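Hi everyone, thanks for coming. Today I'd like to talk about charged side chains and how they pair up. Have a look at this one with me.

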Amino acid sequence: MGNADTKLNFRKAVVQLTSKSQPIDALDDSFWDQFWSESVTNVQDVFALVPGAEIRALREESPNNLATLVYKAVEKLVKVVDSSCRTQREQLIALNCARLLTRVLPYMFEEPEWHSFFWSSLPAAAENDSVPLAQSLINAVCDLLFCPDFTVTSTKRTGPDRAEELSGLDSCEYIWAGGVGFARSPPRHAPHEAARTELLRLLLVCFSETIYKPPQQAASHHNRWIAYFTSPDNRHALPLFTSLLNTVCSYDPVGLGLPYNHLLFADTLEPLVEVALQILIVTLDHDTSNAVSEDSEEVLPDNLFINYLSRIHRDEDFQFALRGVTRLLNNPLAQTYLPNSSKKVNLHQELLVLFWKMCDYNKKFMYYVLKSSDVLEVLVPILYHLNDSRADQSRVGLMHIGVFILLLLSGERNLGVRLNKPYAAAVPMDIPVFTGTHADLLVVVFHKIITTGHQRLQPLFDCLLTILVNVSPYLKTLSMVASTKLLHLLEAFSTPWFLFSQPHHHHLVFFLLEMFNNMIQYQFDGSLTPRSFVVIHCMLCWDISKTSRSTESVAETAMEGSRPAQPAEPGTLNATLPDTPALGTMTERESAHPPAARERLLPDGTEQHDKPDKTTAPKESGSWRPTAEWVGGWRGKLPLQTIMRLLQVLVPQVEKICIDKGLTDESEILRFLQHGTLVGLLPVPHPILIRKYQANAGTAAWFRTYLWGVIYIRNVDPPIWYDTDVKLFEIQRV
């Protein structure tokens, strides 16, 4: 009964606050203290007892009372810090202040005129000590995140009378987890982890001002909350960055691996890892180097989080971060003999954003990832999620980020080389069974996405084929299954109904032909295994018989244990996304050859084209119609010379073998191709042209919208932003 009575008292205070038309005296501490006393003990209570409609009514009808409530909550946090938060009562007060602010702030961010409110000073502040409310709040929360016996374990013998002063505490001694820049692993303490989670959740709410800006404004929005949090003015910036990164990358959800262990004991670490990961990707998204508009003279401080991330350079730190990310990415894919016996975490979307940021801001990290087979530990879960999500329109964003990461990695030669490693089908996917390499897996999954994916994935076709083109010069083998898939794509993209339906569809044919040319020119080597010639053989058969070698002609058995990709469950929430950036704005072409090689000419004296011809065409719309002139503009530029030379040489020889020996199987042809040579018969090898990802405003805006959409939908307990008027994206029900 006692607990119910205290909740009732809290509710009465809320009603009194919202029903008073006259401002309540800010000095009436007996009234204001009701909101952070022992009346409530968890954030769910606060969300239940403070309805969103009443917060809006308070904002519209009694704005002075709302302002005073926030002032008093921040002021209370500052006082708790000043007294070093030594008692359990002070700790509960701090958490209740954080819970109340977490509930109220999103409704204040709805209205633009309230944004400047947080950058005004506390009323009680002296003129020479004028600190904006937002800075006071961030300073207090950051101090509390390193408070001994509240959020961290004290390293010194202290009692209530000898507690460390938070204002002078060296927070670098209290980093939450070992890893990058901090070797020691402090002991875990569940109440400390739970307190950190609630304080970080409040910071995430502070940073969410961005989602109340329309897309056009958000692209150039200067988020002062994030700018201050990641600036040199925040004395905890380095230990906070280190703590967040190490907490995420050291997390092992399986732990000792005892079956069903996660069902017996509550895990206070997973919620902490989740919010730490979300804080990381949000702060790393805010690049202050281009945040302020040209009209503003304001100079922003460096984003130290981006600075620290870009300066990590030790191999052991790279290994720690990579192992942490791959461990969590592969966690949902792990197979166990006992159903649901091991803990599964659902962090893959945020992890992919973090991995993207790490590669984008620290090229040494990306090269470290690519120089070993560990990159395949990232590739396989990405391909798994791409394949599993292809029919679900609520996961279109996940499809995009997976493809964007593969596009980024494919710009480096090492990815193509690593793809030649044999693939052991350890992860059940709804794809045909094959024996081959990771390159085969890449081709088969991409084919599945293109042919059976949701229609909203069409804008990704250019990116998918660009990835295949980028890696194609380095692929030594392809299975019959993968080869047939490539040929089927060529056939599908060449059909008139598809080719002439949009003015850019012929680019897809150019990409596939470029891929074939790369494999012929750079991998037609008699020293390789027969599988490397299967795609050539398929092309020969296609040319000879003029019959379809589509997927239906090959018997396909899905992998054991796999399940078909499913559409979204009715009622699934989905955040809208900006349009997919055009490939031309996302990539720049580079030659993998030295400068001399770039000057090579084709035998007919023309320059080698480094991309599909962008023949001018009428604006893409429902009224567009293909014309003979349009077709003639690009058809003559199809890169067919290498393929035709190959066919001119080999088709007669293959036909003769088939007729003379009456062959009905392919083994003899493969042996002939394996021991044959085209030295001196093919055109001069063309330069290897790689389309590298380049940073651009389109993908920056896309990532910002995507990551905030993920954070919005993932935070359902409590539902922080639910039913607030977000403007960066729309929330739809599938």
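Let's start at R314, which is partly exposed at a relative accessible area of 36%; partly exposed sits between buried, under 20% relative accessible area, and exposed, over 50%, using a 1.4 Å probe and protein chains only. R314 makes a salt bridge with E316, with the closest N and O atoms 3.4 Å apart. By salt bridge I mean a side-chain nitrogen of Lys or Arg within 4 Å of a carboxyl oxygen of Asp or Glu. E316 is partly exposed as well, at 45%.

Quick caution: this is a predicted model, where local features need pLDDT of at least 70 and side-chain atom pairs count only at pLDDT 80 or more, while totals for chains, interfaces and linings use all residues. Residues are numbered from 1 along each chain as its sequence is written, and side-chain values use heavy atoms, leaving out hydrogens and water. The pLDDT, the predictor's confidence in each residue from 0 to 100, averages 84 over the chain.

Next, D315 and K371 form a salt bridge at 3.7 Å, N to O. D315 is partly exposed at 39%, and K371 at 46%.

Now, are R59 and E110 buried or exposed? Both are buried. Their side chains meet in a salt bridge at 2.7 Å, N to O. R59 is in helix α4 and E110 in the loop between α6 and α7, so the pair ties together parts 51 residues apart in sequence. Helices here are DSSP runs (H or I, at least four residues), numbered from the N terminus. R59 and E110 also belong to a salt-bridge network with R56, E60 and E111.

Definitions and conventions:
Helix = DSSP H or I, 4+ residues; strand = E, 2+ residues; numbered from the N terminus.
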